[in-house]
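Subject: Structure for you to look at

Dear colleague,

My notes on what was found in it follow below.

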Amino acid sequence: MEAKSLSPVTLTQYIVKSQPPHSRGEFTLMMMAIQTAVKVIEKNIRSAGMQGLFGYLSDNHANATGDSQAKLDVIANNAFKSYLMSSTSIAALGSEEEEQMVIVDSDKQGDYLIFFDPLDGSSNIDANVSVGSIWGIWRVPPGTKITSIEQANDFLKTMKGVGIVSAGYAMYGSATNLVLTSGHGVDGFTLDTTIGEFILTHPHISIPRKRRIYSVNEGNYVKWEAWFKEYIEYVKDNKYTARYIGSMVADVHRTLLYGGIFCYPKDAGKIEGKLRFLYEAAPMAMIVEQAGGKAWGETGRILDQGITRLHQRTPVYLGSRQEVDRCLSFKEKSAAKSKL
Ligand code: AHM
Ligand code: MG
């Protein structure tokens, strides 16, 4: 058998090579901090059973958006926070686990703003179902310092989804994957645990155009709008396959690789939808678009939305372009009918 020639590209090499000459290295430092945080989280998840790290905090503590906080949520948040705060690459950060933005000491501030969900899908963790971390990165104008929470909140309101410069996620599954975009396509890496390095294993990810897979929490059916119920009836009549993990990273990762559609619509109980704009919907929208797919919110492209607050939510319909268009056509038909 002929030996396969392997020239593994590490994530570190990939990031350093992707930077323009004479860049100040801030983006590289930020990505190194993220990479280290992801490795710390992966190590804690893999050993959680032995270390007694499953379960929720004993005092029934809730995070900034009202969800119960798992022990691993706190570990994951601390890992992201501590490596990023000392990286000299960011001016401030926002996390699902923090009520307000966290501002970096002015002598350590860099030009980036980062928003992350350190451990998305953590309600699945005790059952050993895949969970992940998601992040989205914006810039502050060079030289601008963030000096207060008020200023950070004001700055948020001037930002748009479309200003996102880079996005990524890590998925802690049967292997640990890290998927990244900085606006030039999407590339995926797998952690080689024997050497502790992420290796480029999925270059140039492109969403398959036609795959009849739909992914949504159908337990919410009775609360959905009529047009969305009609779309779901359509997919059933047309023999689509249902796949829903209930962990956005895992559901989006499958959608990127196998195609189809992932939805979290608004419903009678969640009038803005469930998923958070800055650290769930917008980063995944950038990744999906960069992989050739489509990502829509309530009234248009997710990335065209403006930002009003840190923990803002949005409905999400993303995946293969053709399937997202089909889904939205049910909404358009229903709007046209109601105008008659
Ligand atoms: P979390 O940030 O509290 O973990 O919630 C987000 C998760 C997503 O990963 C997933 O897509 C969704 O919530 C599942 O929600 P549901 O249980 O309502 O289907
Ligand atoms: Mg989340």
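A word on terms before the findings: a residue is called buried when its relative accessible area is under 20%, exposed when that value is over 50%, and partly exposed in between. Please also keep in mind throughout that this is a predicted model.

By that cut-off Phe 189 is buried, because its relative accessible area is 0%, whereas Tyr 14, with a relative accessible area of 21%, is partly exposed. I start with these two residues as they belong to the aromatic pairs, of which the count comes to 14. Tyr 14 and Phe 189 form one that is edge-to-face, with 4.9 Å from centre to centre and 75° between the planes. This pair links distant parts of the chain, since Tyr 14 belongs to helix α1 (residues 11-18) and Phe 189 to strand β7 (residues 186-192), and the two are 175 residues apart.

A further pair is that of Tyr 234 and Tyr 240, whose ring centres are 6.2 Å apart and whose planes stand at 70°, so this pair is edge-to-face as well. Tyr 234 is partly exposed, its relative accessible area being 22%, while Tyr 240, at 8% relative accessibility, counts as buried. Both tyrosines belong to a cluster linked by ring pairs, which also takes in Tyr 221, Trp 224, Trp 227, Phe 228, Tyr 231, Tyr 317 and Phe 330.

Phe 330 has a charged neighbour too, for Lys 333 lies over the face of its ring, at 4.4 Å from the ring centre.

Turning to the ligand, which residues come nearest to ligand 1? Of the 17 residues around it, they are Asp 120, Asn 217, Tyr 244, Met 248 and Tyr 264. By class, this shell holds five nonpolar, five polar and seven charged residues. Among the contacts with oxygen atoms of ligand 1, a polar side-chain atom of Glu 96 lies at 2.9 Å, one of Glu 280 at 3.1 Å and one of Asp 117 at 3.3 Å. Taken alone, ligand 1 exposes 470 Å², and the protein buries 85% of that area. The elements that give two or more residues to the shell are β3 (112-120) and β11 (261-264).

Two points of backbone geometry may also be of interest to you. Most residues other than glycine have a negative phi. His 204, although not a glycine, has a positive phi of about 50°; this residue is found in the loop between β8 (197-202) and β9 (213-215), and with a relative accessible area of 67% His 204 is exposed. Lys 239, likewise a residue other than glycine, has a positive phi near 60°. Lys 239 has its place in the loop between α6 (226-237) and β10 (241-242), and it is exposed, with a relative accessible area of 71%.

Lastly, Gln 290 has its place in helix α8 (residues 277-290) and is partly exposed, with a relative accessible area of 30%. The C-alpha atoms of Gln 290 and Ser 329 are separated by 23 Å, the two residues being 39 apart along the chain.

With kind regards

Definitions and conventions
Residues are numbered from 1 along each chain as its sequence is written. Chains are lettered from A and ligands numbered from 1 in the order in which they are written. This is a predicted model: local features need pLDDT of at least 70, side-chain atom pairs count only at pLDDT 80 or more; totals for chains, interfaces and linings use all residues. Side-chain values use heavy atoms; hydrogens and water are left out. Rings of Phe, Tyr and Trp (its six-membered ring) pair if their centres lie within 6.5 Å; planes under 30 degrees apart count as stacked, over 60 as edge-to-face and the rest as tilted. Helices (H or I, at least four residues) and strands (E, at least two) are DSSP runs, numbered from the N terminus. Buried means under 20% relative accessible area, exposed over 50%, partly exposed in between (1.4 Å probe, protein chains only). A charge sits over a ring if NZ of Lys or CZ of Arg is within 6 Å of the ring centre and within 35 degrees of the ring normal. A residue is near a molecule or strand if one of its heavy atoms lies within 4 Å of it. A polar contact is a pair of N or O atoms within 3.5 Å; within protein, one must be able to donate a hydrogen and the other to accept it, and residues adjacent in sequence count only if both atoms are side-chain atoms. Accessible areas come from the Shrake-Rupley method with a 1.4 Å probe; for residues, only the protein chains shown count as cover. Ala, Val, Leu, Ile, Met, Phe, Trp, Tyr, Cys and Pro count as nonpolar, Asp, Glu, Lys and Arg as charged, and the others, Gly among them, as polar.
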